[in-house]
Amino acid sequence: MRSDRRIRRVVVGITGASGTAIGLRVLTVLRELPDVEVHLVVSSAGMRTLRYECDVTPGEVRELAHVFHRAKDIGASIASGSFDVHSMLVVPCSIKTLSAVATGYTDDLVSRAADVCLKEGRPLLLMVRETPLHLGHLRSMVAVTEAGAIIAPPVPAFYPRPESVDDLIDHVARRALARVGLGELAPEEWKGEEVTTAPRLADKP
C-alpha cells in the first residue's frame with residue numbers, strides 16, 4: 001500500500017562531528033510543520049557528541065522525532081527505497097559518513113539511508129563539518145555532489161545581525177531545510193540593502 005502523500009517524511013541523521021546543536025535545531029524546527037513525519041537516526045559517535053556538546057540524554061533526543069531508528073538497524077524502513085521519504089539531512093556530517101556515502105560503503109543506517117536517497121533521486125543534504133580540508137575530503141565532496149547530494153557546510157551568516165549563537169544556529173538550520181524543499185521553514189529573506197545616494201547635479205534646483 002502506498003503511503004499517504006499528504007505526509008512528508010524527512011530523515012535526519014546526526015553523526016559524530018562537532019555542531020550537533022544544529023541537528024537538534026533542525027529537529028525542533030521540523031516540528032513546526034504538522035504534515036511532516038520526522039525519522040531520526042544517530043550514530044554512536046553522534047550520541048556521544050550530543051551528550052558532550054549539548055548536555056542532552058538519548059531519551060531527550062529521541063523525543064524530538066516521530067520515529068527513532070537505531071544506527072545499526074539496517075532492516076529499518078528508511079533503509080529501503082520502497083519507503084517513500086521527502087528528503088534527508090545529515091546534520092552534522094562527519095568525514096567518515098561523507099566518505100561512506102561517497103564510496104557506497106553503507107555499513108550503518110545513516111550511510112545506508114543516505115545512499116537510498118541518492119539512488120532514488122531524493123534530496124540529500126550533507127552538512128559536512130571539518131576544517132581545514134585536505135584533498136581526500138574535497139574529492140569525496142565532489143563524488144557525492146556528482147551523485148546528486150548537496151554539500152552545505154555550517155557556514156554562519158552575519159548579515160542578519162545575529163544577537164546570539166542560537167541565532168546563528170537557527171539560521172544555518174533553516175537554510176538547510178529550505179535547500180531540501182521545505183521553503184516554509186526558511187529564514188527571513190534578504191530584502192536588499194538600502195543605499196542612500198547623493199542627489200545628482202541635474203536634480204539640484
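Predicted model: local features only at pLDDT ≥ 70, side-chain atom pairs only at ≥ 80, totals over all residues.
**View 1. The largest cavity and its lining.** By the rule used here, the model has one cavity of 30 Å³ or more. The volume of the largest cavity is about 40 Å³. Around the largest cavity lie V11, I78, S80, F83, V85, A113, V116, C117 and R122. Seven of the lining residues are nonpolar, one is polar and one is charged. Helix α5, which spans residues 109–120, contributes the most to this lining, with three residues. Rolling a probe the size of a water molecule over the atoms shows where empty space is left.

View 2. L133, L135 and L138 together form a nonpolar surface patch of about 250 Å². One of these residues, L138, belongs to helix α6, which covers residues 135–147. L138 has a relative accessibility of 37% and therefore counts as partly exposed, as the class lies between the cut-offs of under 20% for buried and over 50% for exposed.

**View 3. G181 and its distance from A114.** G181 is located in the segment that follows helix α7 (165–179). With 44% relative accessibility, G181 is classed as partly exposed. Along the chain, G181 and A114 are 67 residues apart, and their C-alpha atoms are separated by 16 Å.

Methods. Residues numbered from 1 in each chain as written. Heavy atoms only, no water. Patch = residues over 30% accessible without salt bridge, like charges linked within 9 Å, V, L, I, M, F, W, Y side chains within 5 Å. Areas by Shrake-Rupley, 256 points an atom, 1.4 Å probe, with all protein chains shown as cover. Salt bridge = Lys/Arg side-chain N within 4 Å of Asp/Glu carboxyl O. Helix = DSSP H or I, 4+ residues; strand = E, 2+ residues; numbered from the N terminus. Buried < 20%, exposed > 50% of the residue type's maximum accessible area, 1.4 Å probe, protein only. 1 Å grid on protein atoms, 1.4 Å probe; cavity = no way out; pocket = protein on both sides within 12 Å on 5 of 7 lines; lining within 4 Å. Points joined across faces, edges and corners; volume = space filled by probe spheres on them. Nonpolar A, V, L, I, M, F, W, Y, C, P; charged D, E, K, R; others polar.
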